[in-house]
Amino acid sequence: MTAFKTILSQVLLEVPAVVLAVFLALAVNNCNEERKQEAAAAKTMEAILLEVKQNRSALENNLKDNRLRSQQLSAAKDTIKLKGTADGIDLELGYDQTFLSRAAWEMAQITGATQHFDPELVQQLSLLYDLQNMYLEQGNQFLQQIATVDFYQAADHPQAQLDATLGLIHLAEAIGQSTLEQYNTFLKAYQ
């Protein structure tokens, strides 16, 4: 019986040590995992910064191209008013659309990296990418509209086509300017 008591007392002394060792191993593992996730979140943030810079550059060029197109269309509209007819005026109704990526932002959401971002940063990025999406949707709607037969059946009324085209370009430009401002605000804060 004494041998049993000795073994029992040894086991009772070893159990807390084993439990403590297991808890320490779990704590170290959790700490290592947290560091890995934070490192991954930092890399994701770098990818987002790069994506925003590239999108800003593409958007600036796109806005510039569409401003030029808008000026050309306004000049054509003025010429039609002066001449009273569109005869002899070459109308190039259209809109330049750019591609703005959201891959880094989507990857941040999918991987859970946003859990390691400051909530204010997540809110700012959400707004930024929502505005970007609105800009792209507006451009897509514009392109869909000018691709319809109805739009071209109105060719007898070039003034109406010009007004519609200019209105859509100006709306897209306003959304694009808001997006550009959001890009700049974000980059100023996190670059």
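Two residues count as being in contact when they have heavy atoms within 4.5 Å of each other. With that in hand, here's a first thing to know about this predicted model: of the contacts in the chain with a separation of 6 or more, 85% are between residues 24 or more positions apart.

Let's start with the overall layout. The chain has five helices and zero strands, so if you read along the sequence you get the pattern α-α-α-α-α. There are 191 residues in the chain, and buried ones make up 33% of them. The chain exposes about 12,000 Å², with carbon and sulfur atoms supplying 57% of that.

How far can you trust the picture? The average pLDDT for the chain is 83, and 79% of the residues score at least 70. Among the elements, helix 2 has the highest mean pLDDT, at 95, while helix 4 (residues 149-153) has the lowest, at 64.

Now for the inside. The largest nonpolar core has 35 residues, and the ones that touch the most other members are Ile48, Val52, Phe117, Leu125, Tyr135 and Phe186. Helix 1, helix 2, helix 3 and helix 5 are the elements that give two or more residues to this core.

You'll find Ile48 in helix 1, which covers residues 2-83. Ile48 counts as buried because its relative accessibility is 0%, and the cut-off for buried is under 20%. Leaving out residues up to four places away in sequence, Ile48 touches Ala104, Trp105, Ala108, Phe117, Leu125, Tyr129 and Phe186. Take Ala108 from that list: Ile48 and Ala108 are 60 residues apart along the chain, yet their C-alpha atoms are separated by 8.4 Å.

The structure holds two aromatic pairs. One of them is Trp105 with Tyr129, a stacked pair at 5.6 Å centre to centre with 5 degrees between the planes. Trp105 sits in helix 2 (residues 103-111) and Tyr129 in helix 3 (residues 119-146), so this pair ties together parts that are 24 residues apart in sequence. Both partners are tucked away: Trp105 is buried at 3% relative accessibility, and Tyr129 is buried at 0%.

Phe186 and Tyr190 also pair up, and theirs is a tilted pair because the ring planes are at 35 degrees, with the centres 5.2 Å apart. Here both residues lie in helix 5 (residues 158-190), four residues apart, or about one turn of the helix.

Two more residues round out the tour. Asn55 is another helix 1 residue, and at 4% relative accessibility Asn55 counts as buried. Setting aside residues up to four places away in sequence, Asn55 touches Leu100, Ser101, Gln132 and Tyr183.

Conventions
Residues are numbered from 1 along each chain as its sequence is written. This is a predicted model: local features need pLDDT of at least 70, side-chain atom pairs count only at pLDDT 80 or more; totals for chains, interfaces and linings use all residues. Side-chain values use heavy atoms; hydrogens and water are left out. Buried means under 20% relative accessible area, exposed over 50%, partly exposed in between (1.4 Å probe, protein chains only). Rings of Phe, Tyr and Trp (its six-membered ring) pair if their centres lie within 6.5 Å; planes under 30 degrees apart count as stacked, over 60 as edge-to-face and the rest as tilted. Accessible areas come from the Shrake-Rupley method with a 1.4 Å probe; for residues, only the protein chains shown count as cover. pLDDT is the predictor's confidence in each residue, from 0 to 100. A nonpolar core is a set of buried Ala, Val, Leu, Ile, Met, Phe, Trp, Tyr and Cys residues joined through side-chain atoms within 4.5 Å.
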